[in-house]
Amino acid sequence: MKMLNNFFKKFNNPVPVFAQTKIEKDTQNEDTNSTKPKTTFLDVAGLDEVKEELFEIVDFMKFPDKYKKMGAKIPKGVLFYGPPGTGKTLLASAVAGETNSSFFNVTGSEFVEKYVGVGAKRVRTLFEKARKEAPSIIFIDEIDAIGAKRHLESNNEKDQTLNQLLVEMDGFNKDSNVIVVGATNRLDLLDEALLRPGRFDRHIHIGSPNFHTRFEILKVHTNNKPLDASVDLELLAKKTHGFNGAHLSNIANEAAIFAVRDNSPIITALHFDKALERVIAGLESKNSTLIAKEKEIVSYHEAGHAIVSNILGICPIQKISIVPRGEALGYVLQLPDEDRYIYTKEELMSKIKILLAGKASEEIIFNHQSTGAKDDLKKVTDIANQMVCEYGMSKLGFMTIDGNIKTILSEQVQKEANSIVQDCYKETLDLLNNNINDLHIVSKYLHDKETMTHEELQSLIKKEIVN
């Protein structure tokens, strides 16, 4: 909702003093209007523990007397933090809908101005309006834009805006029935004075959804869509490990678009598979054709990933393709069959081997090094550095290495990370050399057919074993 954007245009375009009062009045009426959302907790799929935490706030706003009898005070602020697209805005809107409260939806950047005092006045105006329309919910999205830590070199205008926000959150009367809900992707950036109890009393992490939550989210986003009996939402929820609510909404929407494109009256499982590939790998290049030599290289590269992944059994292969998508000339779609949050050192090294398998395959077949492994090497570097600096999986010991320590030990860190990668690469070369016939067969199939499913891969390898 548009809020407060034009309230202080008079600072940019000075007007006669007698006209300013009318302008302020008009802009207040226009820009500080609230809404009363119809969203409720029924519209929020999953996140049961978060909704349970928020239900106490809803109950307090509906029935404050029973809490006052116990001497309990309503929390002044709730801070949602976590990765983007996980439903922080939706939850804030649901709290307002459940309590039939006025909902003021603003972003931190709306208070940021180059003129000193403008942001602070906008904060005062917003809170005054919220008190008048209480019960009300003030939702400040991307609160780190105004709530970042203060230091000697910080901007004076931002500091004044943050100071005003701190004062307003401290200044609520007990009966004001105004709750401030903040949302941020970067909790570490926020000023400690903003985070303390009495301002944001509750900090709630909104993380990526688990299997159950993804299933519930998919049901919400498909309840108004005509689905074919072949669509298995549980299977789709398993395939989308690590996806957030925004991703899942996008997949459901893309599947519907593919159905319309095919003039289909219903959305089939094939449409969802296409949508999943579209979201993960990007747009399929219709007119991009590889020259014969490149097609052969890409075929062996992707076949290398597929063979090593199949041998190690980490993240089952869903599909292999050499059809260009986005910036990738080919890809292996690996989708976990269960939620995993803890990995052993051996499993992380297996992931590195799978990523290096494309490069290793090219070296074995063509005896060259190409640019095709760019993205693979970027991921390998990240995993190896995490193993050394975050997980204590190197000769440097069981410790976390960051900040100044990482700078001091940069040479040792690089040496340890490189040692991990080199060991994995040697083992990957051995795996492919020991399964060279499978590599040739899978590569030839990909070269001719351009795509391969998990079942087709298994069938090809079994035929080779039988022969």
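This is a walk through a predicted model of one protein chain, from its overall makeup to single residues.

Start with the whole chain. Its secondary structure comes to 19 helices and 8 strands. The chain has 467 residues, and 45% of them count as buried. The accessible surface comes to about 24500 Å². Carbon and sulfur atoms make up 51% of that surface. Now take the contacts between residues at least 6 apart in sequence. Of these, 76% join residues at least 24 apart.

Buried means under 20% relative accessible area. Strand β1 has β4 (residues 178-184) as a parallel partner, over 5 bridges. It is also joined to β5 (residues 202-205) by 4 bridges, again running parallel. Individual residues show how the strands line up. Leucine 79 stands opposite glycine 182 in β4. Tyrosine 81 faces threonine 184 in β4. In β5, the bridge partner of tyrosine 81 is histidine 205. In a regular strand the side chains alternate between the two faces of the sheet.

Another open sheet has 3 strands, in the order β7-β6-β8, and its pairing is antiparallel. Strands β7 and β8 (451-453) stand at the edges with a single partner strand each, so one side of each has no neighbour in the sheet. The twist averages 10° from one strand to the next. Strand β6 (residues 317-321) is joined to β7 by 4 bridges, and the two run antiparallel. Lysine 319 stands opposite leucine 333 in β7. Helix α18 packs on this sheet and touches β6 and β8. The direction of α18 makes about 125° with that of β8.

Helix α17 covers residues 410-434, which is 25 residues. From first C-alpha to last, α17 reaches 36 Å, close to the 36 Å expected at 1.5 Å a residue. Which residues of α17 are buried? Among them are Val413, Glu416, Ala417, Ile420, Val421, Cys424 and Tyr425. Further along, the buried residues include Thr428, Leu429, Leu431 and Leu432. An α-helix has 3.6 residues a turn, so residues three or four places apart point the same way. The buried residues of α17 pack against α13 (292-312), α14 (345-366), α15 (374-389) and α18 (436-449).

A few single residues complete the tour. Lysine 239 lies in helix α10, residues 233-239. Is lysine 239 buried or exposed? It counts as buried, because its relative accessibility is 10%. The side chain of lysine 239 makes a polar contact of 3.4 Å with the side chain of aspartate 273.

Tyrosine 341 sits in the loop between β7 (331-334) and α14. At 60% relative accessibility, tyrosine 341 counts as exposed. Leaving aside residues up to four places away in sequence, tyrosine 341 touches Asn210 and His241. Glycine 242 is 99 residues from tyrosine 341 in sequence, yet the two are 10.0 Å apart in space, C-alpha to C-alpha.

Glutamate 142 is in the loop between β3 and α6 (144-147). Its phi is near 50°, a positive value in a residue other than glycine. Glutamate 142 is partly exposed, with a relative accessible area of 34%. Asparagine 367 is found in the loop between α14 and α15. The phi of asparagine 367 is near 55°, a positive value in a residue other than glycine. At 67% relative accessibility, asparagine 367 counts as exposed.

Technical notes. Residues numbered from 1 in each chain as written. Predicted model: local features only at pLDDT ≥ 70, side-chain atom pairs only at ≥ 80, totals over all residues. Heavy atoms only, no water. Expected span 1.5 Å × (residues − 1). Buried < 20%, exposed > 50% of the residue type's maximum accessible area, 1.4 Å probe, protein only. Contact = heavy atoms within 4.5 Å. Polar contact = N/O pair within 3.5 Å; in protein donor to acceptor, adjacent residues only side chain to side chain. Areas by Shrake-Rupley, 256 points an atom, 1.4 Å probe, with all protein chains shown as cover. Pairing = 2+ DSSP bridges. Axes fitted to C-alpha atoms, helices over the stretch in contact; angles between N-to-C directions.
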